[in-house]
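Trainee: I would like to learn how to read a protein model. Could we go through it one feature at a time?

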Amino acid sequence: MSWDVIADNLGLYAEGAKLTLFLTVASLAIAFLLSMPLALGRNSHNAVLRHAIGAYTVVFRGTPLLVQLFLIYYGLAQFSAIRESILWPCLSSPLVCVIATFVLNTTAYTTEIFAGALRHLPPGEVEAARAYGMSPFTRARRILMPAMLTRSLALYGNETVMMLHATSLASTVTLLEVTGVARNITLNYYIMFEPYVTAAAIYLVMTLTLVLLFQLAQARWAGYLQARLG
Amino acid sequence: MTIVRALILGGLLAVSPLAPAFAEQVTIATDATFPPFESVDANGKLVGYDIELMEAICKAAELDCNIIAAAWDGMIPGLTAGKYDALISQLTVTEARRKVMAFSDIYSHPTFRFVGKKGANLDIKPGGLAGKVIAVQTGTPMDAFVTKTFPEATIKRYDGGSAPYLELTAGRADLHMSYEAQITHSFLKGDGAKDFELVGPQYTGKDAPEFGEGVAIALNRRSAELLEKINDGLAKIRDNGELAAIDAKYFGKN
């Protein structure tokens, strides 16, 4: 066992953990903001809007994240029109490509999670809001959104854990997050077990923290659903 | 079900090859992202200089060899863990690598070069290339050399041998360092390479210790018997001209 190699490289792991957290939080935050209006649109009476959003989520949920990342990072770079466009300074950065891909992917899942929760709201809650004479915007803000978010907390919590784990794919396009650090150590010291076990432990700590946060959130905001079940 | 399974097993046993001189099959791994040395062709078959060389050695040494593709990052740990018996993947022999694995006799002495955009006029000297992006395959002699020699440059590292070229043509990297033979006989022959050329000096193991002593087949340090057989096979194909013929086929040398 070569644990001294890990001890010597703990600084790299700390940097990697920071990047992993940044990728996770940035992707989830952007996706969260995008998913709320998209979930409403997914249930809209406007068939064009509903199906356009449906088509987007099918494409991004129907293809592997790694394939999406390679298409956006390596695939787009193949076209000289893109390399010469004003977007290239952004798209040439692996960090931008990775976050864009993660956002597109997790937004697709989150939109469906939120939209599913909306569809399962008791009709009475929505009718009561209408009967109160709330405008569609007020209805969305005060009734639909809070009910949708509390009801999808458990599923959404799973999606955030999946996103955290999916950030390990960023290492395939040169970003040194936790998995990238482990792979670099593997390639320079020819050991596999120690670097990846260390990476796994870091992911586990992060995952457990996320799960705990969601349990607290659930107790705080979705407690009324529990009481109803009991 | 049991009968079907028995028939299938029986069938498999019946077609297994005759026992070779070396009792077991020898599993040899290669990172097939490095044409013309090792790559996968359109039919999924491993092809290239190293593959032909290894097949010739196995035949000369009467070894039953199974050459398989493996990912670069798992190759050396796989060898030390005993998953593979040997590696042939243009592995340069260095001090650091000798500590974890054994090497056969050296079969070639590569030169290393930068490849970059034509007319970029980069000043390639130690400590230079400030702010330039150099793409290399992680954990290779090229990686070790540029990391030490160009601390002012940004070094981007990739798991495979082909990704750095994609980055070079995309303009994400200014330079890529690799085996000169790989650059000239693979990348520069491709369609996307007309704006690129070899740049800077030729490097060999004499210029920097990172470039090692030469290229050899890597083995587990416990496999003394297999090492001897592979060295015998290598000596045989060197004597009977097969090695020279493979060299000529790929690189046009005599």
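Mentor: Start with the word contact: two residues are in contact if their C-beta atoms, placed from the backbone, lie within 7 Å. Keep in mind that this is a predicted model.

Trainee: Which residues is Ala108(A) in contact with, leaving aside its neighbours within four places in sequence?

Mentor: They are Tyr56(A), Thr57(A), Phe60(A) and Arg61(A). Ala108(A) itself sits in helix α7 of chain A, which covers residues 94–119. The C-alpha atoms of Ala108(A) and Gly54(A) are 8.9 Å apart, although 54 residues separate the two along the chain.

Trainee: Is Ala108(A) buried or exposed?

Mentor: The test is a count: 20 or more other C-beta atoms within 10 Å make a residue buried. Ala108(A) has 24 of them within 10 Å, so it is buried.

Trainee: What does chain A look like as a whole, in helices and strands?

Mentor: Chain A has 13 helices and 0 strands. Its C-alpha atoms fill a box of roughly 70 × 50 × 25 Å along the principal axes. Of its 230 residues, 31% count as buried. For contacts in chain A between residues at least 6 apart in sequence, 79% join residues at least 24 apart.

Trainee: How do I describe two helices that pack together?

Mentor: Two packed helices are described by the angle between their axes and the distance between the axes. Take helix α10 (residues 153–166) and helix α12 (residues 193–221) of chain A: their axes come within 10 Å and cross at roughly 160°.

Trainee: What does that angle say about the directions of α10(A) and α12(A)?

Mentor: Angles over 145 degrees count as roughly antiparallel. α10(A) and α12(A) are therefore roughly antiparallel to each other. Their crossing is right-handed. On the α10(A) side, the contact includes Leu153(A), Gly157(A), Val161(A) and Leu164(A), and on the α12(A) side it includes Tyr203(A), Met206(A), Leu210(A) and Phe214(A). The residues of this contact divide into 10 nonpolar, 5 polar and no charged.

Trainee: At what angle do α2(A) and α11(A) pack?

Mentor: Helix α2 of chain A, residues 10–42, packs with α11(A) at about 150°, and their axes are 7 Å apart. These helices are therefore roughly antiparallel to each other as well. Leu12(A), Tyr13(A), Gly16(A), Ala17(A) and Thr20(A) of α2(A) meet Val178(A), Gly180(A) and Val181(A) of α11(A). By class, the contact of α2(A) with α11(A) has 5 nonpolar, 3 polar and no charged residues.

Trainee: How many residues of chain A are in contact with chain B?

Mentor: There are 13 residues of chain A in contact with 16 residues of chain B. The largest share of the chain A side, 5 residues, comes from helix α11 (residues 178–189) of chain A. That side has 6 nonpolar, 5 polar and 2 charged residues.

Trainee: What is a nonpolar core, and where should I look for one?

Mentor: In soluble globular proteins, nonpolar side chains tend to be buried together. The largest nonpolar core here has 49 residues, and those touching the most other members are Ile28(B), Ile57(B), Ala86(B), Leu87(B), Ile217(B) and Ala218(B). Helix α2 of chain B, residues 49–60, supplies the largest share of this core, 7 residues. A second, separate core has 30 residues, including Leu19(A), Leu69(A), Leu104(A) and Tyr109(A).

Trainee: Which residues does Ile217(B) touch, not counting residues up to four places away in sequence?

Mentor: Ile217(B) touches Ala86(B), Leu87(B), Ile88(B), Phe103(B), Ser104(B) and Ile230(B).

Trainee: What should I look for in the backbone itself?

Mentor: Most residues other than glycine have a negative phi, and most peptide bonds are trans. Look for the exceptions. Thr174(A) is not a glycine, yet its phi is positive, about 75°. Thr174(A) lies in the loop between α10 and α11 of chain A, and with 22 C-beta neighbours inside 10 Å it counts as buried. Gln90(B), also not a glycine, has a positive phi of about 50°. Gln90(B) is in strand β6 of chain B, residues 86–92, and counts as buried with 25 C-beta neighbours inside 10 Å.

Trainee: Which peptide bond is cis?

Mentor: The bond from Pro35(B) to Pro36(B) is cis, with omega near 0°. Pro36(B) is in the loop between β2 (33–34) and β3 (38–40) of chain B.

Notes: Residues numbered from 1 in each chain as written. Chains lettered and ligands numbered in written order. Predicted model: local features only at pLDDT ≥ 70, side-chain atom pairs only at ≥ 80, totals over all residues. Core = buried A, V, L, I, M, F, W, Y, C linked by C-beta atoms within 7 Å. Buried ≥ 20, exposed ≤ 12 C-beta atoms within 10 Å, placed from the backbone. Helix = DSSP H or I, 4+ residues; strand = E, 2+ residues; numbered from the N terminus. Axes fitted to C-alpha atoms, helices over the stretch in contact; angles between N-to-C directions. Parallel < 35°, antiparallel > 145°, perpendicular 65-115°, else oblique. Left-handed = near helix turned anticlockwise from the far one by under 90°. Nonpolar A, V, L, I, M, F, W, Y, C, P; charged D, E, K, R; others polar.
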